[in-house]
There are 2 protein chains.
Amino acid sequence: MRAIFAILTVGSVFLSLSAAETRPLSLMPMPASVQMKTGHLVIDPSFTVGIQGRSPDTLLQHSIEIFLDNLRRRTGMPPLDMKIVDAAQAKLLIHCERPSKAVQELGEDESYSLDVSATGAKLDAVTTLGVMRGLQTFLQMVQTTSDGFAVPAITIQDKPRFPWRGLMIDVSRHFIPLDVLKRNLDGMAAVKLNVFHWHLSDNQGFRVESKKFPKLQELGSDGLYYTQDEVRDLIAYAHDRGIRVVPEFDMPGHSTAWFVGYPELASAPGPYQIERKWGIFDPAMDPTQEQTYKFLDAFIGEMARLFPDQFFHIGGDEVNGKQWDANPNIQAFMRAHGMKTNQDLQAYFNTRVQKLVSKHGKTMVGWDEILRPDLPKDIVVQSWRGQDSLAAAAKLGYRGLLSFGYYVDLNWPASRHYAVEPINGAAANLSPEEQQSILGGEACMWSEYVSPENIDSRLWPRTAAIAERLWSAQDLTDVQSMYQRLQHVSRWLDWLGLTHNSSYAPMLQRIAGSNDISPLRMLTDVLEPVKDYTREEIAAVEATSLAPLNRVVDAVRPESETARHFTDLVNSLLAGQTDNNTKQEIAMWLSRWRDNQTKLQPLEKQSFLLQEVVPLSQDLSAVALTGIQALDYFDRSERPPDSWTTEQFTLLEQAQKPKGQLLLMVVPAVRELVEASSGQKAPLPQK
Amino acid sequence: MRAIFAILTVGSVFLSLSAAETRPLSLMPMPASVQMKTGHLVIDPSFTVGIQGRSPDTLLQHSIEIFLDNLRRRTGMPPLDMKIVDAAQAKLLIHCERPSKAVQELGEDESYSLDVSATGAKLDAVTTLGVMRGLQTFLQMVQTTSDGFAVPAITIQDKPRFPWRGLMIDVSRHFIPLDVLKRNLDGMAAVKLNVFHWHLSDNQGFRVESKKFPKLQELGSDGLYYTQDEVRDLIAYAHDRGIRVVPEFDMPGHSTAWFVGYPELASAPGPYQIERKWGIFDPAMDPTQEQTYKFLDAFIGEMARLFPDQFFHIGGDEVNGKQWDANPNIQAFMRAHGMKTNQDLQAYFNTRVQKLVSKHGKTMVGWDEILRPDLPKDIVVQSWRGQDSLAAAAKLGYRGLLSFGYYVDLNWPASRHYAVEPINGAAANLSPEEQQSILGGEACMWSEYVSPENIDSRLWPRTAAIAERLWSAQDLTDVQSMYQRLQHVSRWLDWLGLTHNSSYAPMLQRIAGSNDISPLRMLTDVLEPVKDYTREEIAAVEATSLAPLNRVVDAVRPESETARHFTDLVNSLLAGQTDNNTKQEIAMWLSRWRDNQTKLQPLEKQSFLLQEVVPLSQDLSAVALTGIQALDYFDRSERPPDSWTTEQFTLLEQAQKPKGQLLLMVVPAVRELVEASSGQKAPLPQK
């Protein structure tokens with residue numbers, strides 16, 4: 001074990017497939033223990049899977065069928081090949097002690113061991129969930145080799161670090177159709193995530209059919225909602241992939257869409273409209289009316305039957321309290337009950353709702369704000385505030401989930417998410433028992449700026465890095481190795497039908513109004529959307545759900561691979577760890593970028609969507625020219641005139657500013673070149 | 001009208017969108033009459049559609065919803081934008097005289113006229129089918145412009161030349177799942193094809209659920225078949241797109257898969273197995289047994305109810321007669337009934353089957369071989385033999401369809417299909433009345449070498465050229481214009497979800513075992529699969545349905561755009577119609593190809609699937625070097641030594657031979673360069 005971790009911490013695991021071949025093993029999440037052996041198991045049309053011992057239950061059968069289907073995609077084998085056979089003849093023999101629970105539970109055993117040799121493979125697991133996780137590991141190891149498709153000989157022992165590894169998708173701000181969710185469930189399964197948290201209602205839309213309260217979807221969804229049959233279909237799809245589905249109905253705030261059909265639930269008289277803007281809004285349920293709880297009792301009962309999972313998320317975040325402040329009846333109620341603040345009133349609401357959730361057999365989950373020590377200890381707190389907040393909850397005996405640092409809609413680089421450790425800050429000082437109450441975490445995809453067309457590109461591959469943080473060892477922190485493996489996972493996700501890569505060129509073609517997008521792509525490959533909530537902050541026109549998401553900012557990747565690669569090249573040049581090729585490659589990129597503006601100009605003329613990137617294109621050319629000059633000074637070890645240096649710093653500062661909601665990601669590396677060549681530090685940017 | 005056709009015959013129609021912009025209008029099939037105007041209609045989120053006159057029937061409503069959905073894809077608008085509204089406020093006003101038939105019929109009116117101005121558009125049609133066709137034309141005209149998304153101001157009058165414009169897909173030799181068929185129906189609708197001919201049974205599989213004879217699918221399909229619900233779903237999907245669905249159950253030959261479950265239908269005792277090979281096989285139904293007709297009566301009755309279309313295809317092709325020859329009872333029957341040949345026996349069978357088809361209310365269709373003058377005149381003959389065969393049928397009073405020349409599985413270039421004119425040869429000499437009996441034609445996709453992964457790439461974009469042949473004017477024959485427009489249609493088909501372009505890179509990545517496929521792609525971009533039936537003829541190992549379709553030959557495009565472009569460059573160089581850029585581009589390609597072999601070598605070592613293209617990679621480098629030298633001689637107007645010329649011709653002849661079932665498509669252009677530089681003609685290739 002120790003020897004293996006020593007390998008892991010320095011980077012990738014390399015495989016010796018045969019005398020001629022050595023290739024990195026691109027597993028993600030990295031298993032707990034990996035021991036390399038020599039040789040490999042060839043995967044050809046005669047490949048078979050068998051089940052040892054008990055006859056397979058439906059779920060195990062489905063798992064293997066899904067596995068074979070994926071293996072066929074990976075190898076191009078027809079559906080007639082690669083069958084399930086008797087254990088005695090199987091190339092991959094599966095042993096599974098017992099079925100997993102009919103309704104998947106938190107904390108079920110997901111461990112497995114996988115032993116692959118040149119003659120066959122064996123997968124052992126306690127439950128069907130462990131089999132699923134092991135099969136995903138097997139799939140990630142399939143390689144094209146000189147001998148055929150093959151999996152390297154290897155021994156793996158694996159189990160997850162955290163039992164709750166989730167992805168939340170907000171389908172309210174933009175509706176995300178069922179097929180898009182399904183392909184994302186495939187992506188989740190590939191990286192061993194096990195909870196799909198479905199944010200089903202918010203100000204901008206109520207997305208589930210209620211048979212008891214049909215005006216919820218009829219008036220609150222623009223016709224964009226899931227029928228109950230579709231919900232069941234999605235849950236079954238997730239179940240087949242070892243994924244729990246936790247529904248969230250946000251209350252008492254974030255609830256405008258409910259009030260379009262049922263204004264009587266609100267704390268101010270209606271009528272209400274579906275909200276089209278983003279932000280925090282005033283409408284909130286009236287916690288002082290018994291009819292509110294009567295409604296919620298029936299509603300939660302209906303949804304508790306529809307969603308089999310043990311957990312039921314009530315949101316509970318971001319109530320601004322304005323409707324409560326303005327309503328004399330509510331104020332009177334608060335006085336009569338000795339409530340001093342709106343937080344007290346929300347705590348009262350939560351306590352009432354928790355009893356309803358509990359009455360219908362479920363365990364309540366909510367965001368940070370729900371936490372008050374008078375709630376029962378079985379509830380779970382999902383923290384967007386951070387590890388200290390989780391630690392505080394744990395100290396009070398509550399279980400928690402981390403989402404702070406895992407908001408993938410903020411367009412952070414994968415490395416930044418990867419560095420977010422759940423057991424950190426105050427959480428690191430908890431006792432081992434208290435740490436047990438930190439169940440894991442969830443990546444969150446809030447959907448202000450995603451559509452079915454670009455949501456995959458906002459989720460993948462970066463979410464895989466979060467999945468690794470939640471599954472793999474705490475000391476697995478090598479960023480270079482993570483990025484190397486992330487690239488492989490990204491291609492594997494392509495095979496599963498995710499469109500994070502494939503949607504890019506068509507969107508650029510639409511923007512350009514041309515099939516020949518090479519100069520546009522040269523530019524967009526080094527652009528990223530602005531980060532955090534800057535898009536709202538600097539918007540020229542307030543964004544709404546009616547705005548088309550067809551701009552360059554909607555098409556570019558959240559993280560520029562090209563810029564990262566270029567920055568790496570510059571860093572190694574400046575660190576002196578470099579050969580002539582590195583310098584040549586830097587020069588090649590700079591000269592391409594310098595010349596790109598001229599090539600992009602004809603496209604710019606013919607597209608209204610390109611107007612906002614014209615300044616970025618000009619900046620790229622100018623910055624590249626700066627880089628070429630700096631490289632030249634650096635190369636000749638000649639100090640540039642101070643006037644030149646000052647001019648370049650001014651230019652770079654200007655080029656670093658967002659334009660068209662986009663950032664030019666090669667500016668910092670070029671600044672480093674200027675600093676290195678001039679021996680001067682760039683001045684701090686002026687606000 | 002004359003002026004317009006004058007424009008069409010010289011090439012593309014150019015639009016003046018604004019003072020600054022002129023772009024080709026990429027309509028395919030080209031409408032019957034197009035009149036350009038100035039200005040354009042902007043398509044923004046406020047775009048609306050209204051229906052004039054009658055309240056819309058379901059089909060019209062669906063058509064418009066599908067149109068809006070496609071328009072949203074094309075523009076990136078959210079589902080909340082671009083609505084159906086009252087006629088008075090509509091940007092696009094639709095007037096439709098009457099609904100099309102509940103079950104779409106052959107020959108229904110598909111004409112439409114479209115008038116677009118800067119302020120709005122009007123679409124007039126007699127039936128809903130015409131509306132659908134006009135909406136597709138509208139979609140093809142949406143462009144990204146400096147003013148926004150826009151459709152040029154234009155007046156179009158359009159109607160199809162032939163009423164039957166089909167695509168046959170064989171789902172027996174390889175099963176094609178429902179979702180793949182659906183996306184291909186979208187492709188068909190985009191190019192105004194109106195018949196999906198579903199080849200549902202053959203030796204290699206019986207693909208429809210029969211409730212009366214369940215062993216057909218249970219034993220004859222490897223579990224790969226469509227349920228009756230799925231069939232109804234597909235028919236509804238096609239109906240919404242103005243496409244008829246004609247089922248084919250091939251009989252009495254091509255029927256091994258039936259006999260696995262029902263050997264008593266065959267002319268020799270069983271047991272039978274699903275056929276795994278390709279070719280013509282002995283098993284045939286026994287036409288002498290009354291039980292055969294009893295079975296077929298019940299079966300055809302069941303399928304006649306499942307498939308609402310008026311036409312019912314019984315195949316009838318390629319009976320080799322061996323089982324009939326060997327069966328003494330059949331021989332005795334033939335003698336007793338005065339039948340001299342197996343053709344007589346098949347004619348008897350066809351006559352009996354025709355009566356059953358007719359009894360169940362349907363009109364029979366069959367391949368060439370069914371034609372015998374004693375069949376009723378309402379049957380339709382589908383000809384794989386050619387226009388003369390069609391003419392002969394027409395002379396006898398039968399209606400016919402051309403498929404000769406439209407077999408897209410043979411990997412011909414689009415131009416070759418495009419040149420196949422239904423009213424040609426003997427058909428051109430028919431009287432106008434007789435010509436009316438030529439209903440149109442069908443592209444045919446036989447599926448020996450296609451899987452769900454690569455079938456789209458074998459169908460598209462080439463099938464669009466056939467669609468134009470069947471819809472547009474007979475004198476529209478400009479190949480350059482066709483290719484120009486085909487490229488645009490190909491991208492539009494991408495938007496519809498077809499994978500003909502997107503499947504290429506992932507297949508190459510699998511083959512290479514690497515994400516970096518640029519040197520492989522440099523090679524495969526100039527390769528094509530061997531043509532016609534060469535793949536069977538030169539196969540080292542006999543191909544079967546069990547063979548993986550994951551080789552380079554399965555990934556490369558049927559027609560190399562790069563090679564076609566390079567050939568065009570060389571042709572214009574040699575014709576003297578060229579500038580320095582052309583010569584430079586030729587030189588650039590040649591030098592890239594020359595250097596590619598070195599770059600591909602590292603990949604070749606690591607993949608078993610690349611071994612068979614190593615000789616092609618070597619050839620490409622060698623041929624490119626030849627080209628460079630020839631260009632140099634040509635440039636300096638220096639005649640090369642004869643020994644050099646002879647050597648190059650030998651090299652080129654060798655390089656022209658198929659390897660790995662692939663052809664190197666740049667050889668002919670390089671040969672032209674050698675011929676031009678040397679003043680010698682290459683010797684005829686030795687067989």
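**Notes on the interface and the salt bridges**

I searched the interface of chain B and chain A for salt bridges and the rule found zero (a salt bridge being a side-chain nitrogen of Lys or Arg within 4 Å of a carboxyl oxygen of Asp or Glu). The model is predicted, so I kept in mind that local features need pLDDT of at least 70 and side-chain atom pairs pLDDT 80 or more, while totals for chains, interfaces and linings use all residues. Residues count from 1 along each chain as its sequence is written, chains are lettered from A and ligands numbered from 1 in the order written, and side-chain values use heavy atoms, without hydrogens and water.

Then I looked at how much touches: 45 residues of chain B contact 45 residues of chain A (contact means heavy atoms within 4.5 Å). The two chains bury about 3200 Å² between them, 62% of it on carbon and sulfur atoms; buried area is the accessible area (1.4 Å probe) lost on putting two parts together, summed over both. In chain B, B:L80, B:R510 and B:F608 lose the most area to chain A, together 19% of what that side buries.

How are the copies related? A rotation of 180° with 0.0 Å of shift along its axis puts chain B on chain A, RMSD 0.0 Å, by least squares on C-alpha atoms of residues with pLDDT of at least 70 in both. That is the relation of a two-fold axis. The same surface serves both copies, as 100% of the contact residues of chain B recur in chain A. B:S502 comes closest to the axis of the residues of chain B, at 3.6 Å (C-alpha).

Last, I checked A:E638 and A:R636, whose side chains meet in a salt bridge at 2.3 Å, N to O. A:E638 is partly exposed at 33% relative accessible area, and A:R636 is partly exposed at 46% (partly exposed lies between buried, under 20%, and exposed, over 50%, with a 1.4 Å probe and protein chains only).
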